[in-house]
Amino acid sequence: MKNKIIIRKAVKKDAKGIVNLLKQVTDYHRKFDKYYRPSSSYKNLEKAVLDSLGNRGEKVLLAESGGEIVGYCAGAIGKAPDYTALKKIGYIDTMIVDEKHRKGGVGGKLLKEMINWLKEKKIKH
């Protein structure tokens, strides 16, 4: 039986798990595109993750299964481009699902929760 997927707000103690997901995806992409550096060369990734967790304009969500972090979604509210009539827009910066947990609805649950947060903040675009 598969464990239930729980979506929750990320906290500082989750930084290492988020870093592991980021390393997983960049190492995967490095196989095809040398634009990505090997994850072993990252120096301040955990600090960058911790900084984003403390940013009030960002929302960082986790998907957890059996106590393990299996997905990550970071979104934010920012200034809309000048060519729009909007003042603020919402966007998703990063979304990663652990490769062992893909095709199980984890990404959809993260996306739905991020959209709900943006709606709560009165962001329509």
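Lys59 sits in strand β2 (strands, E, at least two residues, and helices, H or I, at least four, are DSSP runs numbered from the N terminus). Lys59 is buried yet has no salt bridge. Buried here means under 20% relative accessible area, exposed means over 50%, and partly exposed is in between, with a 1.4 Å probe and protein chains only. A salt bridge is a side-chain nitrogen of Lys or Arg within 4 Å of a carboxyl oxygen of Asp or Glu. For Lys59, the nearest side chain of opposite charge is Glu120, 6.1 Å away; Lys and Arg count as positive, Asp and Glu as negative, and His and the chain ends are not counted.

Before going on, bear in mind that this is a predicted model, where local features need pLDDT of at least 70, side-chain atom pairs count only at pLDDT 80 or more, and totals for chains, interfaces and linings use all residues. Residues are numbered from 1 along each chain as its sequence is written, and side-chain values use heavy atoms, with hydrogens and water left out.

So what does Lys59 touch? Leaving out residues up to four places away in sequence, Lys59 touches Lys9, Cys73, Ala74, Gly75, Met114 and Trp117, where contact means heavy atoms within 4.5 Å.

Met114 and Trp117 bring us to helix α3, being among its buried residues, along with Val106, Leu110 and Leu118. What covers them includes β1, β2 (58–65), β3 (68–79) and β4 (88–97). Look at the other side of α3 and you'll find Lys112, Lys119 and Glu120 exposed. The helix runs over residues 106–120, 15 residues in total, and reaches 21 Å from its first C-alpha to its last, close to the 21 Å expected at 1.5 Å a residue; that expected span is 1.5 Å times one less than the number of residues. Just after α3, Lys122 takes a positive phi of about 65 degrees.

Now for the charges that do pair up. The structure holds six salt bridges. One joins the side chains of Glu64 and Arg8 (3.0 Å, N to O). Glu64 lies in strand β2 and Arg8 in strand β1, so this pair ties together parts that are 56 residues apart in sequence. Both Glu64 and Arg8 are buried.

Arg8 has another partner in Asp14, whose side chain makes a polar contact with the Arg8 side chain (2.8 Å). A polar contact is a pair of N or O atoms within 3.5 Å; within protein, one must be able to donate a hydrogen and the other to accept it, and residues adjacent in sequence count only if both atoms are side-chain atoms. Asp14 lies in the loop between β1 (5–9) and α1 (15–30), and counts as buried at 3% relative accessibility. Leaving aside neighbours within four places in sequence, Asp14 is in contact with Arg8, Lys9, Leu62 and Ile69.

Two other bridges are worth a look. Asp82 pairs with Lys79, the closest N and O atoms being 3.0 Å apart. Asp82 is exposed at 71% relative accessibility, and Lys79 is exposed too, at 64%. Back with Arg8, Asp14 and Glu64, salt bridges that share partners join these residues into one network. Finally, Asp51 forms a salt bridge with Lys47; both lie in helix α2 (residues 45–53), four residues apart, about one turn of the helix.
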